[in-house]
Amino acid sequence: MTKLLKYISVTTLFLASLVLHAGETATFLPESRLVPGGVAVIKVGEGKKRPVVTYKGRKILVTKNGDKWFAVAGISLYDKPGKKYLKYANRKKSISFVVKSKKYKEQHITLKTNKHVNLSKKDLSRHKGEKKRSGQALTRWSESGQPDLKLLQPVEGRYSSPFGLKRFFNGQPRRPHSGLDIAAPKGSPIVAPANGTVMIASNFFFNGNTIYIDHGYGLVTMYCHMEKLSVKEGDTVKKGQLIGLVGTTGRSTGPHLHWGVALNGSMVDPLIFIESGEEK
Ligand SMILES: [Zn+2]
């Protein structure tokens with residue numbers, strides 16, 4: 001073989017390996033935000049085998065980027081700032097990271113009726129059942145294919161209420177806002193932000209017409225106050241597929257979509273997964 005030929009064949013091999021790796025690097029990794037309501041994106045290994053990693057005893061999403069594995073762990077709004085640990089399953093090894101505090105804004109809302117503030121016995125028991133179903137859906141773990149962390153914004157519109165907002169209804173403190181509100185005209189189409197399976201498509205007391213989608217590896221999204229549901233429980237949905245229409249059902253003061261994103265059972269800021277998203 002001449003020197004030139006040798007050079008060409010080596011280059012071709014090198015290029016071929018680049019192409020192969022390009023296929024593997026398709027995964028989008030969100031930015032690490034080490035605050036309550038954020039995500040910890042941490043390298044957890046290399047090689048072929050996906051490491052099994054847990055946070056607070058719960059399995060977390062691990063995805064490949066290049067030839068490296070990254071854990072993407074949801075940090076709960078209720079997690080106290082300080083040192084946290086990712087643990088490898090069946091190994092004593094752990095990786096630490098530090099969660100910093102974040103001050104979210106406050107908002108006081110006046111509701112015309114007290115129906116959704118002081119609940120009747122019947123409504124309270126209904127809500128308890130729905131809360132249990134919701135909790136089970138948000139902590140679901142399933143595995144298929146590669147996780148898709150680059151989400152589509154499910155509806156066009158203005159961000160009317162940010163994630164993490166501390167709210168008071170008629171003077172009574174409530175839990176912080178666990179999703180992002182997007183204001184849009186009644187009837188606006190809502191699409192699935194990634195492939196997944198519909199776990200819940202039902203009417204809830206507070207959340208009105210609601211959908212929960214399982215995207216796998218602990219990534220679950222929810223859609224509330226919808227006017228109409230276009231999918232049913234058990235349906236498989238494709239990224240960009242219509243799932244329903246914007247409405248104002250349940251405890252809502254006007255047409256909007258409440259969009260929630262859960263990772264390993266913790267609600268996190270949906271904007272983390274929208275590349276073009278901006279913080280307000
Ligand atoms: Zn909301």
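Leaving aside neighbours within four places in sequence, which residues is Asn-264 in contact with?

**Entry 1: Asn-264.** I looked up Asn-264 and found contacts with Tyr-55, Arg-58, Lys-59, Ile-60, Val-72, Ala-73, Gly-74 and Gly-218. Contact here means heavy atoms within 4.5 Å. I place Asn-264 in the loop between β20 and β21 (266-268). Asn-264 is buried, at a relative accessible area of 6%. For the record, buried is under 20% relative accessible area, exposed is over 50%, and partly exposed is in between (1.4 Å probe, protein chains only).

**Entry 2: ground rules.** I am reading a predicted model, where local features need pLDDT of at least 70, side-chain atom pairs count only at pLDDT 80 or more, and totals for chains, interfaces and linings use all residues. Residues are numbered from 1 along each chain as its sequence is written, and side-chain values use heavy atoms, with hydrogens and water left out.

**Entry 3: the whole chain.** I count two helices and 21 strands. These are DSSP runs numbered from the N terminus: helices are H or I with at least four residues, strands E with at least two. The chain has 280 residues, and 47% of them count as buried. Of the contacts between residues at least 6 apart in sequence, 67% join residues at least 24 apart.

**Entry 4: zinc.** Which residues coordinate the zinc ion? I find His-177 (NE2), Asp-181 (OD) and His-258 (ND1), at 2.0 to 2.1 Å. Donors are N, O and S atoms within 2.8 Å of the metal (3.2 Å for Na, K and Ca); water is not among the atoms, so sites may look incomplete. In sequence the donor residues follow H-x3-D-x76-H. Both His-177 and Asp-181 are buried.

**Entry 5: the largest core.** I turned to the largest nonpolar core, which has 37 residues. Val-39, Ile-190, Ile-211, Tyr-223, Ile-243, Trp-259 and Phe-273 touch the most other members. Such a core is a set of buried Ala, Val, Leu, Ile, Met, Phe, Trp, Tyr and Cys residues joined through side-chain atoms within 4.5 Å. Elements giving two or more residues to this core include β1 (39-46), β5 (68-74) and β12 (180-183). β20 gives the largest share, four residues. Domain 1 (3-99) and domain 2 (106-273) both contribute, so this core lies between them. The domain bounds come from an automatic or database domain assignment. Apart from this core I note another, of 16 residues, among them Val-53, Trp-69, Ala-71 and Ile-75.

**Entry 6: a three-stranded sheet.** I traced an open sheet in the order β8-β10-β11, with mixed pairing. Its edge strands are β8 (106-109) and β11 (172-173), each pairing on one side only. Two strands pair if DSSP finds at least two bridges between them. β8 and β10 (residues 166-169) run parallel, joined by four bridges. Ile-109 stands opposite Phe-169 in β10.

**Entry 7: positive phi.** Most residues other than glycine have a negative phi. I noted Asn-170, with a positive phi of about 45 degrees. Asn-170 lies in the loop between β10 and β11, and is partly exposed at 28% relative accessible area. His-225 also has a positive phi, near 65 degrees. I find His-225 in strand β16 (residues 219-226). Is His-225 buried or exposed? His-225 is buried, with a relative accessible area of 5%.
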